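Colleague: I have a chain open on my screen. Can you take me through it, one question at a time?

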Amino acid sequence: AVTVLAGPRGFQRDYSRGRRPNQSRRRRVPSAFALPRGALTGCFGRDYNPLRRGKPSRKEDGTMRSFAEVEQAVKDYPVKDLSVAVAQDHTVLQAVSEAMKRGMVRAILVGDELEIKRVAEEHQIDISDATIIHERSPVRAANTAAGLVGKGEADILMKGHIHTDDFLRAVLNRDNGLRTGVIMSHVYLFEHPDRDQFLFMSDGAMNIAPDLETKAAIILNAVH
């Protein structure tokens with residue numbers, strides 16, 4: 001499974017207009033947030049029906065339906081620079097090592113250098129091709145990693161062994177240059193063994209009680 005943060009801004013904990021999350025009222029979506037016809041069906045595939053079991057029919061439309069197909073599609077893309085915030089975790093290092101072996105990324109590991117090397121050695125993970133930036137403080141490591149992306153020295157920011165709120169503070173820190181002025185939301189992309197297509201779930205982690213306009217922005221983030 002892959003977790004994506006979309007559109008930096010808007011980590012909200014307020015309850016809109018004092019209502020509980022399950023006390024929503026039906027209102028029209030403002031025209032500014034209206035979605036084009038087919039936007040959601042295109043996102044999930046034309047045969048998407050969350051209540052129907054079984055595999056949809058495969059169509060020769062070029063739609064990617066598995067991570068294996070995504071990997072095949074990007075194999076000739078330029079290698080990306082990956083900045084990892086607080087990299088001293090064996091699952092994080094395993095994923096990064098595998099991505100490097102497949103020629104997808106060049107890794108910059110930000111965190112406690114001695115701990116990163118200890119974890120890699122303990123779990124026999126090859127990180128010999130990675131660049132390590134030593135920073136013992138998780139908060140400073142997150143800001144360093146985010147700053148690399150903001151300055152254009154890395155292309156992708158990855159969360160390592162750090163609390164989500166500390167990671168998001170680094171993302172939202174104006175000095176790190178990642179804020180874009182739009183709502184930030186969480187997108188969960190996953191394969192299901194019984195479905196011949198990807199599924200997207202959003203927003204499951206960040207916007208606690210979004211109002212209608214925020215919900216529309218979340219949908220647009222997921223579609224984009």
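Colleague: Which residue just after α5 takes a positive phi?

Modeller: This is a predicted model, in which local features need pLDDT of at least 70, side-chain atom pairs count only at pLDDT 80 or more, and totals for chains, interfaces and linings use all residues. Residues are numbered from 1 along each chain as its sequence is written, and side-chain values use heavy atoms, with hydrogens and water left out. Helices (H or I, at least four residues) and strands (E, at least two) are DSSP runs, numbered from the N terminus. Just after α5, a positive phi of about 80° is taken by G152.

Colleague: What span does α5 reach from its first C-alpha to its last?

Modeller: Helix α5 covers residues 138-150 and has 13 residues. The expected span is 1.5 Å times one less than the number of residues. That gives an expected 18 Å, and the model is close to it, at 18 Å.

Colleague: Which strands of the sheet does α5 touch?

Modeller: The sheet is open, with 4 strands in parallel pairing, in the order β4-β3-β2-β5. Two strands pair if DSSP finds at least two bridges between them. Helix α5 packs on this sheet, and its direction makes about 160° with that of β2; axes are lines fitted to C-alpha atoms, for helices over the stretch in contact (heavy atoms within 4.5 Å), and angles run from 0 to 180 degrees between N-to-C directions. The strands touched are β2, β3, β4 and β5.

Colleague: In β4, what is the bridge partner of V110?

Modeller: Strand β3 (residues 105-111) runs parallel to β4, and 4 bridges join them. In β4, the partner of V110 is I133.

Colleague: Which helix do the buried residues of α5 pack against?

Modeller: Buried means under 20% relative accessible area, exposed over 50%, partly exposed in between (1.4 Å probe, protein chains only). The buried residues of α5 include A141, A145 and L148. They pack against β2, β3, β4 and β5, and also against helix α6 (164-172).

Colleague: Which side chain does N221 join in a polar contact?

Modeller: N221 lies in helix α7 (residues 212-223). N221 is buried, with a relative accessible area of 15%. A polar contact is a pair of N or O atoms within 3.5 Å; within protein, one must be able to donate a hydrogen and the other to accept it, and residues adjacent in sequence count only if both atoms are side-chain atoms. At 2.9 Å, the side chain of N221 is joined to that of S185.
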